[in-house]
Amino acid sequence: MNLYKRHFKRLFFIVILLVGKWNFLFCQDVIGQSSVLNFNFEDIKAGTQTWMITQDKFGIMYFGNSEGLLTYNGSEWNLYPLPNKTTLRSVIVAPDGKIYAGGQNEFGYFFPSENGTLIFHSLKNIFPKSQQSFGDAWNATLTGKEIFFRCSDKIFHIDERKKTKVFPTESEWLFLGTANGKVFAQDRNKGLLYFDNGGWKLLTQKTNNTIVTSIMPLSKDSILFSTLKSGVFILAGNNWTSLPIDKTISQYHIYNAIKIGDTLFALGTTSNGVFIIDKKGKTIRHLSRNTQLQNNNVLSMYMDNQSNLWLGLDRGIDMVNNDAAIQKINPVLNTPAACYTAKIFNHNLYIGTSDGLYSLPISLSENEDVSNAKGTFSRIENSGGQVWGLFSIDDKLLMGHNDGAFVIENNKANQIYKGPGTWIFRTLSDSSKSYTDVLAGTYYALNWLRLNGKKISDSGKIKNSLYESFRFMEIDSANRVIWAAHPYRGIYKMKLDSSSHAMKYSKLYTSKDGLPDDLENYVYKIRGQIIFCTTKGIYAYNEKKDRFEQDKFYGKIFGNIPIRFITEDNQNRLWFAARKKLGVVLKNNEIKYFSEITDKLIDGFEFIYPLNDQNIFVGSVDGLVHINFKKYQHQQNNIELLLSKVITFNQRDSVLFNGYFTENEHLTDSQSTAQIKKLPAAFNSFHFQFTSPHYVPQQPIEYAYQLVGFEQNWSRWSNRNEKDYTNLPYGKYTFLARARDSQNHESKIVKYSFIILPHWYQTNLAYLIYSLIFISLIWLIKKYQLNKFQKQKEKYEKEQAQLQYLHQLEIEHNENAIIQLQKEKLENEISYKNKELASTTMHLFKRGKLLSKLKEELTDAIKKLPKAEDKSDFTKLVKMLSEAEKQDNDWEQFAIHFDDVHNNFLQNLKHIYPNLTQADLRICAYLKMNLSSKEIAQFLNISLKSVEIARYRLRKKLNITDSNVNLYDFLIET
């Protein structure tokens, strides 16, 4: 019994191996792997199953999901459940934008509301009540303006005039579809029917033993049918023929099928993914879990307007960039590997990885797309380890390897020498020799190989070779000069001797010799010229100056771009790697970058192999990138942009726009005037979302935006697809947005206008009131200012009067002070002159007294003289003295002086009293001087009595009758 069990287990294991081997052989696929984008049902927050897929004219995708209608615009997923929350089986978009959808016991259409939110409108109520109960609306189809919904027991029809009709069946409706403008349906008992003149007519009964799952146009006169288990058939006229597809495909149950492109068809199965076939039934590609699908049960398929294949799976949604010009080739299935080199040699594609060398026989012609080749890679025997480079020399394929140098022969790597690791091979041409010298750049030195006929041998290390790594190397065979770039030292120039087996001399060039830097220098041979890639563009060696200079020709193309790798194709185009970017220089010297490959190059080990226009190979961190440059240049570049959402927020959020513009119950691509919202002033903050329905993940999209009315210029390009504005003032605004792809193709500008109304205090009425208040305020202020001015004026005038009064007082005080000073001065002058006058008077008095004394003495002396003759002389002398006393000369001088002191007193007195004599005036002057009568008598040389008589006469002449009036006081007052 145990033995039986062991044999059974062993037999079961062998069967499993055989089945696996058979399945593996069957699953041989094209080597180019299209990029697959997986949308897990948890990520999209919807149901697991997707039953039908379609797309509208704006690029938005629609999915019939187990939880409702699911939409995707390139950045945002939205779910719209049916009113009864059932599974949505069918969805199709009409030309007017209505999204017809059917589920369990419900069908109708979704259409945007006023703010662009999709709202479901049921149509089952337009049918008779007796027909309003049904199961799942499994699928829908549209022809012109007529819509059909298929349930298991009936088909609902709505024509362009909104007339309805129900087509029940006694058995079961199995299928409904459209091709070449006709509607087809399958009745389990009746067969395949087509709709004509309001009814169903029999097309064929050859489908009675199978279930039709799809219908596709093959040509104008022929149609392709797929069946669940019986394969694919062609109906041309009345001829029903089978398309010879691989029989095993039918075993996986063809659940749906669509036409992709002009010549290909995709067959979706329930257990082994998608098979892509051509018109002849040949399998071109197989998509399954082995090619990164989430699972193999394909419920629905759709080809979008960018040739992306969408798959509705049993768990999630996948998007396959099926017709991509850029694909990936992985030599080991489902095993990401860094690819450092590749070569097509003797009808084999070789790929060097970090895990050895892999090969695949290529049966395609040279100008065909190699990524379409089928087969399985196998690892070259004895190649395990790091492969650095592949080089074809004559009819030999040499491999630079971590373990040394190898030659690839009969799917085996034969070692030429063991160690050191080898980077590169270059031939040293010499037509005079019957053999070819090959220089191998290794980790430590230069090795010399000799290729003689079919034999290649190791001749050892070049004598006097530098002990350096020779990873980048080119040879000037004519001058026997080797140029080698060192990663961090500079560039070596090495001269070989005449035998080419020994190094004659070497020189290291650094930044001192014209290089921009000692680091990151590389050497390549382009168009027969040895050039040097540096951190600041491409340099060339000037032999006359023995220095490096920027190359003038390449400088105009690249400028200071730090290039690490450069090569040329058969069209003389330059392919290069710089800053982790892949670029190509086109014929007009325009540089084009491939943003799809940016950051995927192996940093420091960049590799580009441009075989021809349809086959450009690029080493990457995950497989070998294949570019069909011819297809890449002819790809459509219609970039669309959608405004997906506009939200205004204050204390609560309000959705103004939710992705759809409508007008007259039709979808439009722009906002109508009637849709311009007028918002209260409180809603002055906005959030805008916009996106491009461009679903290829390798082609990044950038956006720019501007709010007209608030911003003067467009924003910078960035990958940000949303923008916020807060606290906008009232006014009219228009939000603008645009998109561009990696090739600078721009979309049309999308616009959204809105108006923020002013606050109540910002309205025209408010401004009128403000104006009246302002005018009134101005008037009140003016009046107040006038009153204030008047009061200030009065106060000023009063103050001025007071100041003037004080000033007058001050002037009077000053004048009085001046007068007083002048009076004091005059008094002082009078006093001084009086003193002088008194002094003069005293002098005269003393003189008169002296003369009188002398006269008396002389008189007495004469009396005593005895002789008369002696007396006569002295008598003469006395007589002279008497005459001197009587002289008035002194009086005149005195009078002048006196009038000067007393303001012309004598003159004024003489004028008033003209009868006054000279003697009277003398007495008045002496009285004015307050002299006594005795003193006056002395001055006048008269007696005292004579003075009294003179005074008496003077009083009469002055008309002084009152005896009480003192003569002195009278003269003082005169």
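Reply: Let's start with lysine 678, which sits in strand 62, residues 677-679 (strands are DSSP runs of E with at least two residues, helices are runs of H or I with at least four, and both are numbered from the N terminus). This is a predicted model, in which local features need pLDDT of at least 70 and side-chain atom pairs count only at pLDDT 80 or more, while totals for chains, interfaces and linings use all residues. Residues are numbered from 1 along each chain as its sequence is written, and side-chain values use heavy atoms, leaving out hydrogens and water.

Lysine 678 has a relative accessibility of 60% and therefore counts as exposed (exposed is over 50% relative accessible area, buried is under 20%, and partly exposed lies in between, with a 1.4 Å probe and protein chains only). Leaving aside neighbours within four places in sequence, lysine 678 is in contact with Ile755 and Leu757, where contact means heavy atoms within 4.5 Å. Leucine 757 is 79 residues away along the chain, yet the two C-alpha atoms are separated by 6.4 Å.

The residue just before it brings in another part of the chain. Lysine 677 and glutamate 114 meet through their side chains in a salt bridge, 3.5 Å from N to O (a side-chain nitrogen of Lys or Arg within 4 Å of a carboxyl oxygen of Asp or Glu). This pair links distant parts of the chain, 563 residues apart: lysine 677 is in strand 62, and glutamate 114 is in the loop between strand 9 (106-112) and strand 10 (118-122). Glutamate 114 is exposed at 65% relative accessibility, whereas lysine 677 is partly exposed at 21%.

By this rule the salt bridges come to 23. One of them joins lysine 328 and aspartate 622, with the closest N and O atoms 3.0 Å apart. Lysine 328 belongs to strand 30 (residues 326-329) and aspartate 622 to the loop between strand 56 (615-619) and strand 57 (624-627), so this pair ties together parts that are 294 residues apart in sequence. Elsewhere, salt bridges with shared partners join Glu520, Arg564, Asp603 and Glu606 into one network.

Aspartate 304 makes an interesting contrast. Its place is the loop between strand 27 (298-303) and strand 28 (309-313). Aspartate 304 is buried but has no salt bridge, and the nearest side chain of opposite charge, that of lysine 631, is 14 Å away (Lys and Arg count as positive, Asp and Glu as negative; His and the chain ends are not counted). What its side chain does reach is backbone nitrogen: that of serine 307 at 3.0 Å and that of asparagine 308 at 2.8 Å. Beyond four places in sequence, aspartate 304 is in contact with Gln55, Met61, Trp310 and Tyr695.

Now for some backbone geometry. Most residues other than glycine have a negative phi, and most peptide bonds are trans. Glycine 419 and proline 420 are joined by a cis peptide bond with omega about -5°, and proline 420 lies in the loop between strand 38 (412-418) and strand 39 (422-428). Asparagine 410 has a positive phi, near 55°, and is found in the loop between strand 37 (404-409) and strand 38. With a relative accessible area of 78%, asparagine 410 is exposed. Aspartate 599 also has a positive phi, near 70°, and is exposed at 54%.

Finally, the helices. Nine of the 11 residues of helix 10 are buried, so this helix is largely enclosed by the rest of the structure. Helix 10 (918-928) is also among the elements covering the buried residues of helix 12, as are helix 11 (933-940) and helix 13 (967-973). Those buried residues of helix 12 are Val947, Ala950, Leu954 and Arg955. Seen down the axis, they fall within an arc of 140°, so they line one face of the helix (the arc is taken from the directions from the helix axis to the C-beta atoms). On the other side of helix 12, Lys945, Arg953 and Lys956 are exposed.

Note on methods
Polar contact = N/O pair within 3.5 Å; in protein donor to acceptor, adjacent residues only side chain to side chain.
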